[in-house]
Amino acid sequence: MDYETLRHLAGSWGLIYLVITFVGLVLFTCLRPGARAAAEKAALIPFREDRDDE
C-alpha cells in the first residue's frame, strides 16, 4: 500500500469507524441499567467534603 491509499482509507473508513464507535459508546453509557445513578454519583464528586488534611 502506498501513502495515497492509506490516506484515503483513513480519511473515509477510519472516520466512519470512529463515529460508529463514539455513538456506540455514548448509547451504551446512556442506555445501560443503573447508568443514571452512576452518572449522578460521579457528578457530585467535586462537591464532596472529605478532606484528609484536617
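P46 counts as exposed, with a relative accessibility of 64%; here buried means under 20% relative accessible area, exposed means over 50%, and partly exposed lies in between (1.4 Å probe, protein chains only). This residue is found in the segment after α2 (35-43). The C-alpha atoms of P46 and R32 are separated by 24 Å, the two residues being 14 apart along the chain. The model is predicted, so local features need pLDDT of at least 70 and side-chain atom pairs count only at pLDDT 80 or more, while totals for chains, interfaces and linings use all residues. Residues are numbered from 1 along each chain as its sequence is written, and side-chain values use heavy atoms, with hydrogens and water left out.

Stepping back to the chain as a whole, its secondary structure comes to two helices and zero strands. Helices (H or I, at least four residues) and strands (E, at least two) are DSSP runs, numbered from the N terminus. The C-alpha trace spans about 60 × 30 × 10 Å along its principal axes. The radius of gyration of the protein chain is 20 Å, whereas a compact globule of 54 residues would have one near 10 Å; this radius is taken over C-alpha atoms, and the globule rule is 2.2 Å times the number of residues to the power 0.38. Of the 54 residues, 2% are buried.

The accessible surface of the protein chain comes to about 5,400 Å², and 67% of that belongs to carbon and sulfur atoms. Such areas come from the Shrake-Rupley method with a 1.4 Å probe, and for residues only the protein chains shown count as cover. A nonpolar surface patch of about 670 Å² is made by L15, V19, F22, V23, V26, L27 and L31. Patches are made of residues with over 30% relative accessible area and no salt bridge, joining like charges within 9 Å and nonpolar side chains (Val, Leu, Ile, Met, Phe, Trp, Tyr) within 5 Å. One of these residues, V23, has its place in helix α1 (residues 3-31) and is partly exposed, at 42% relative accessible area.

Helix α1 also holds A10, which is exposed with a relative accessible area of 52%. The C-alpha atoms of A10 and G24, 14 residues apart along the chain, are separated by 20 Å.

What about charge? Side chains of opposite charge can pair when their charged atoms come close. The structure holds one salt bridge, defined as a side-chain nitrogen of Lys or Arg within 4 Å of a carboxyl oxygen of Asp or Glu. E4 forms a salt bridge with R7, and their closest N and O atoms are 3.8 Å apart. Both residues lie in helix α1, three residues apart, about one turn of the helix. E4 is partly exposed, at 47% relative accessibility.
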